Amino acid sequence: MANDEQLADGTGTSLYVHVPFCVVKCGYCDFNSYVVEEGAAHDRFLDALAAETARRWHGQRPVSVFFGGGTPSLLSPPRLQRLFEIIGSHVDLADCGEVSMEANPESFTVEKAHIARAGGVNRISIGTQTFHAHHLRFLDRAHDAEGAEAAFAAARAAGFDNVSIDLMFGIPGETLAEWQSDLERALQLGTDHLSCYNLTFEPGTRLQRDRMQGKTGPNDQEIDRAMFEWTRQRLGEAGFDAYEVSNFAAGGGPCRHNDHYWLQGNYVGVGPGACSHHDGIRVTNIKPLDAWADAALAGLTCTSTAETLRPMQRAAEALWLGIRRTNGVDVAAIEKRLGLELRAAFEPLIVRQQREQMVAYDCSMLRLVGEGLLLADQVGGDYLGVAVND
Ligand SMILES: C[S@@+](CC[C@H](N)C(=O)[O-])C[C@H]1O[C@@H](n2cnc3c(N)ncnc32)[C@H](O)[C@@H]1O
Ligand code: SF4
């Protein structure tokens, strides 16, 4: 089956490769990443990754491949090349419809962009967050605005025609005008795709600790709402398709990898802390870098936890993930795929959400509307709540 068809119905398997190193730990970030710059540690990581990938990937053609992190672009040029050789020895990257790599401005160079391109990457996502110096400082980012623009130019110089930019809005103290200028600057660069995330305070982060101590707090909610609404309007005018709550596609089209995930597709995750999903079985890798590498290098499983999702839990997750897509989620298709009757359990909630003008529902397609778009996490979270005791 062709990759596009697999994407459309969520079949096929994607591959996620987690590179867990960063130059700094950003104050808002709870991803599994480590400030480790020693080359020996990077080499050990690559050795372990080679071992784990050989165990886990069985030569099938992936729907998509995503090199994420952490900061894949932090690896030195020879190590970056080795990363693609390791994965390329199991996957024909040149034949895969979408191969994405996350790149950070402080470490992404024209040389690394060329290595990524030669290695089979065809989509670059540049973690920019904001172009304002005081907000970059607040977030602990290791780059300035010019660095972000240079990283974008490096991707273009190496021939990438699908370059995405990650931005965040709702940084404490941020004004609507500041956010508008961030978005305009990204548009001026000619980005092919934009991810615009509302900053969240994640447990265990420096930001959350500062919040508990009263040193910072969430941005004004009404300003965040205005930012969200303006973003959709402005990007619509600029010809972007708001295909998901936080994601907007221009020339590059939607990110297939994320779409596959929102469609509850199967994926294999390699690297410390990476998650995998196969037909309702969820597996999470050992999180600490050294313990994960020890297991991989000893030829042992890197799995830390494995969970078989209960049928109703699987259905609730399909709604929770799928409702983020602008096209919505097809309840009838989920019933067919999982062989379950869902309406008795979920329709009372859906009817209430419809009354509150959060969702639209035609007895099959369920999608976010109005206020629901702003409160996507809450609307989706309610579906998970229904399945807790089922
Ligand atoms: C985990 S990062 C990895 C990419 C890259 N290392 C970077 O720094 O951009 C992926 C994206 O998630 C978003 N993100 C991470 N933590 C977030 C948070 N607490 N709130 C909102 N967005 C967040 C950021 O926009 C970031 O670019
Ligand atoms: S946001 Fe990116 S660079 Fe910052 S700590 Fe998280 S993964 Fe690392």
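**Ligand shell, cysteines and backbone geometry**

Strand S4 (123-129), strand S5 (163-169) and strand S6 (193-198) each contribute at least two residues to the shell around ligand 1. Helices (H or I, at least four residues) and strands (E, at least two) are DSSP runs, numbered from the N terminus. The model is predicted: local features need pLDDT of at least 70, side-chain atom pairs count only at pLDDT 80 or more, and totals for chains, interfaces and linings use all residues. Residues are numbered from 1 along each chain as its sequence is written, chains are lettered from A and ligands numbered from 1 in the order in which they are written, and side-chain values use heavy atoms, with hydrogens and water left out.

Ligand 1 is surrounded by 17 residues. A residue is near the ligand if one of its heavy atoms lies within 4 Å of it. The closest are Gly70, Gln129, Arg141, Asp166 and Thr200. By class, the shell holds five nonpolar, eight polar and four charged residues. Here Ala, Val, Leu, Ile, Met, Phe, Trp, Tyr, Cys and Pro count as nonpolar, Asp, Glu, Lys and Arg as charged, and the others, Gly among them, as polar.

Polar contacts (pairs of N or O atoms within 3.5 Å; within protein, one must be able to donate a hydrogen and the other to accept it, and residues adjacent in sequence count only if both atoms are side-chain atoms) link side chains to the ligand. An N or O atom in the side chain of Gln129 is 2.7 Å from an oxygen atom of ligand 1. A polar side-chain atom of Asp166 also lies 2.7 Å from a ligand oxygen.

For Cys96, the nearest cysteine sulfur, that of Cys255, is 11 Å away. Cys96 is buried, at 4% relative accessible area (buried, under 20%; exposed, over 50%; partly exposed, in between; 1.4 Å probe, protein chains only).

Most residues other than glycine have a negative phi, and most peptide bonds are trans. The bond from Gly69 to Gly70 is cis, with omega near 15°. Gly70 lies in the loop between strand S2 (65-69) and helix H3 (77-88). Asp140 has a positive phi, near 70°. Asp140 is partly exposed, at 25% relative accessibility.

Definitions and conventions: A disulfide is a pair of cysteine sulfur atoms within 2.5 Å.
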